[in-house]
Amino acid sequence: MPLASPARPLPASATLAPSLVSMQQSKVRRRSEIITCFRFCDGAVTPRDAAVAAEVPVALAYNGVSHVVMMATPSDLADFAVGFSISEGILVDGSELLDLAIEEGRTGIRVSMTITEERFAGLKQRRRNMTGRTGCGLCGVDDLTQVARPLPRVGPGVKVGVRAIHQALAALPARQPANAETGAVHAAAWATPAGEIVLVREDVGRHNALDKLIGAVQHRQTDPEAGFAVITSRCSFEMVQKAATIGIPILVAISAPTTMALRIAEQTGITLVALARSDSINVYTNPGRIRGLAGGVDDG
C-alpha cells in the first residue's frame, strides 16, 4: 500500500515496505500506563501498581485539513488511519492514499495524510454538509434516508464451520496483550476459514479496533473474502457498515447485534454471527456460509 515514511515522502507509485510501517508506528506503540491504586479486599488495603489502558486524542488530517479527532489507543495508527479512511468512505482503497506521516505532540497525535484530489474534493463537500451541526450522532447527515449510506453487496466468500469459529474465539484472548494488561480494550481479528487467527488489532474503541484491522488487511493485501472477522464487542450498524465497505462476508461478534445491524447485514449479504460463545453461536443473517447448520456436517 502506498504510504509514506515520516522522514521523506514517497511518490504515488511507490510502496512503503513493512519495515518502514513498523518504524512509523514505533514511537506510538504504548498501549498502557502503570498507575498506583489502592485495593480494598476482605477489610485490607493494599497499594498496587495497575496497568491502565492508554487513551489519547488522535487527529486525522487530509491534505493539510484536520477532519476529526478520535480518542484511541496509540498503537497501529497507520492501520487506523487507513482503515478509518476506507470504512468511512473517504477513500475507496489504499491506492488513493499518497502519503502518511505521524507526529506526536504534547496534547495528542496527528496523522497527516495526502489523498488524491478527487477524494479530497469529495471530503470537502462532506465537510460543508457538516457546517453548523453540533451534538449530533451522525454529523453530515441531512435526513433519515442518509443514515445508512449506500453499500455494496459482499462477495460469496468462503464457508466456515462452527468449530472454526469456536477455535478463533478460543485463540483470541491470547492474542490480546493490551486487554490482558488492562481489561479495558476491544479487539478485532481476522481468521482463516479453518479458524486460525492471522491478524489482531486492539483499541479502547470498538470502532477503532475494527478500523485498525481493516487497515491491516489492506496493507497486507489480504482478500477480504478469504476468511472472517471477529469483534469483541456488541455489533451495531456502524460495525456492519465498516465490514461491508471493505467486503468482509462473515462478521462474528462476541456480544449482541442491534436491529439496524441486522437490516444492513441482510441488505449487504453479510453473514452476521453474534453472542458467540465457546459452546454456542447465534447466526442471524445469511446463514448459508456457516457449515453445520440445519443438520449439516461441520467439517471444519
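This is a predicted model: local features need pLDDT of at least 70, side-chain atom pairs count only at pLDDT 80 or more; totals for chains, interfaces and linings use all residues.
**View 1. Strands β3 and β4, paired in the antiparallel sense.** Strand β3 covers residues 56-62, and seven bridges link β3 with β4.

**View 2. An open sheet of four strands with mixed pairing.** Reading across the sheet, the order is β4-β3-β6-β5. The edges belong to β4 (65-72) and β5 (97-104); each has a single partner strand, so one side of each is left without a neighbour in the sheet. From one strand to the next, the twist averages 20 degrees. Helix α2 (residues 77-87) packs on this sheet and touches β3, β4, β5 and β6 (109-115). The directions of helix α2 and β3 make an angle of about 55 degrees.

**View 3. The hairpin formed by β1 and β2.** Strands β1 and β2 (residues 44-53) run antiparallel and are joined by 10 bridges. Within this pairing you can find isoleucine 34 opposite alanine 51 in β2. Two residues lie between the strands, and aspartate 42 in the turn has a positive phi of about 55 degrees. Of the 10 residues of β1 (residues 32-41), the number buried is zero, so this strand lies largely in the open.

**View 4. Arginine 289, buried yet without a salt bridge.** You will find arginine 289 in the loop between β13 (282-285) and β14 (290-291). Glutamate 225 is the nearest side chain of opposite charge, 7.1 Å away. Leaving aside neighbours within four places in sequence, the contacts of arginine 289 include Val154, Pro156, Lys159, Pro249, Ile250 and Thr271.

Methods:
Residues are numbered from 1 along each chain as its sequence is written. Side-chain values use heavy atoms; hydrogens and water are left out. Buried means under 20% relative accessible area, exposed over 50%, partly exposed in between (1.4 Å probe, protein chains only). Lys and Arg count as positive and Asp and Glu as negative; His and the chain ends are not counted. A salt bridge is a side-chain nitrogen of Lys or Arg within 4 Å of a carboxyl oxygen of Asp or Glu. Contact means heavy atoms within 4.5 Å. Two strands pair if DSSP finds at least two bridges between them. Axes are lines fitted to C-alpha atoms, for helices over the stretch in contact, and angles run from 0 to 180 degrees between N-to-C directions.
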